[in-house]
Amino acid sequence: MNKKLFYPLIVLGFTLVLLIPLFSKQLLYTDDAELHAARVASYYLAIKQKQIPPRWAPNLNSSYGYPVLNFAYPLPYMTSAFIYMALPVTIALALNLTIVLLVAFGPIGIYYLARHFSLST
């Protein structure tokens, strides 16, 4: 196997082993997981209402709306909403898969960054 591909696959394998609990349909037990799931649902609803880019969360604040999408970082909500639209999954599983994707690509990116800046070839 190619050495350039072997080490990233090892890193990805160890990372995915650590992320096995996220492959469930239950939301993680954290202090703000429900808030993130509600924001993903609001992001999805804003896209369905043709808000491009989504700025107003229409079903937050007792259905009056809330401008949280203006101030929150959009990448996790965008990724979760697109996973929810593309696959037949729940919002909780889409949020968990987003966490898996972003945490799995982190060590791979750090590996390539360290390889790029290392002095040895």
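Which handedness does the crossing of H4 and H5 have, left-handed or right-handed? To find out, open this predicted model and select helix H4, residues 75-86, together with helix H5, residues 91-117.

**Stop 1: H4 and H5**

With both helices shown, look along the place where their axes come within 8 Å of each other and cross at roughly 125 degrees. That angle makes H4 oblique to H5, and the crossing of the two is right-handed. Now show the side chains that make the contact: on H4 these are Leu 75, Pro 76, Thr 79, Ser 80, Ile 83 and Tyr 84, while H5 contributes Ile 91, Ala 94, Leu 95, Leu 97, Thr 98, Leu 101 and Leu 102. If you colour this contact of H4 with H5 by residue class, ten residues come out as nonpolar and three as polar, with no charged residue in the set.

**Stop 2: H2 and H4**

From H2, select His 36, Arg 39, Val 40, Tyr 43, Tyr 44 and Ile 47, and you will see them meet Tyr 77, Met 78, Ser 80, Ala 81, Phe 82, Tyr 84 and Met 85 of H4. The contact of H2 with H4 divides into ten nonpolar residues, two polar residues and one charged residue.

**Stop 3: the aromatic pairs**

Next, turn to the rings, of which a search of the whole structure finds three aromatic pairs. One of them joins Tyr 44 and Tyr 84, whose ring centres are 4.9 Å apart and whose planes stand at 90 degrees, so the pair is edge-to-face. For another aromatic pair, select Tyr 111 and Tyr 112, which are edge-to-face with 5.3 Å from centre to centre and 70 degrees between the planes. Tyr 112 counts as partly exposed, its relative accessibility being 36%.

**Stop 4**

What kind of peptide bond joins Ile 52 and Pro 53? Zoom in on the link between the two residues, and you will find a cis peptide bond with omega at about -5 degrees.

Lys 50, which is placed in the loop between H2 and H3, has a positive phi of about 65 degrees although it is not a glycine. Its surface is open to view, since Lys 50 is exposed, with a relative accessible area of 71%. Further along, select Asn 61, also in the loop between H2 and H3, where phi is near 60 degrees, again a positive value in a residue other than glycine. Asn 61 is partly exposed, with a relative accessible area of 47%.

**Stop 5**

Is Ala 46 buried or exposed? Select this residue in helix H2 and display the surface: at 0% relative accessibility, Ala 46 counts as buried. Leaving aside residues up to four places away in sequence, Ala 46 touches Gln 51, Pro 54, Trp 56, Pro 58 and Leu 69. A distance to draw from here runs to Asn 59, which is 13 residues from Ala 46 along the chain, with 9.1 Å separating the two C-alpha atoms.

The tour ends at Thr 15, which lies in helix H1, residues 3-18. Thr 15 counts as buried, at 10% relative accessibility. Show its surroundings, again not counting residues up to four places away in sequence, and you will see that Thr 15 touches Val 103, Ala 104 and Pro 107.

Terms used
Residues numbered from 1 in each chain as written. Predicted model: local features only at pLDDT ≥ 70, side-chain atom pairs only at ≥ 80, totals over all residues. Heavy atoms only, no water. Axes fitted to C-alpha atoms, helices over the stretch in contact; angles between N-to-C directions. Helix = DSSP H or I, 4+ residues; strand = E, 2+ residues; numbered from the N terminus. Parallel < 35°, antiparallel > 145°, perpendicular 65-115°, else oblique. Left-handed = near helix turned anticlockwise from the far one by under 90°. Contact = heavy atoms within 4.5 Å. Nonpolar A, V, L, I, M, F, W, Y, C, P; charged D, E, K, R; others polar. Buried < 20%, exposed > 50% of the residue type's maximum accessible area, 1.4 Å probe, protein only. Phe/Tyr/Trp six-rings, centres within 6.5 Å; stacked < 30°, edge-to-face > 60°.
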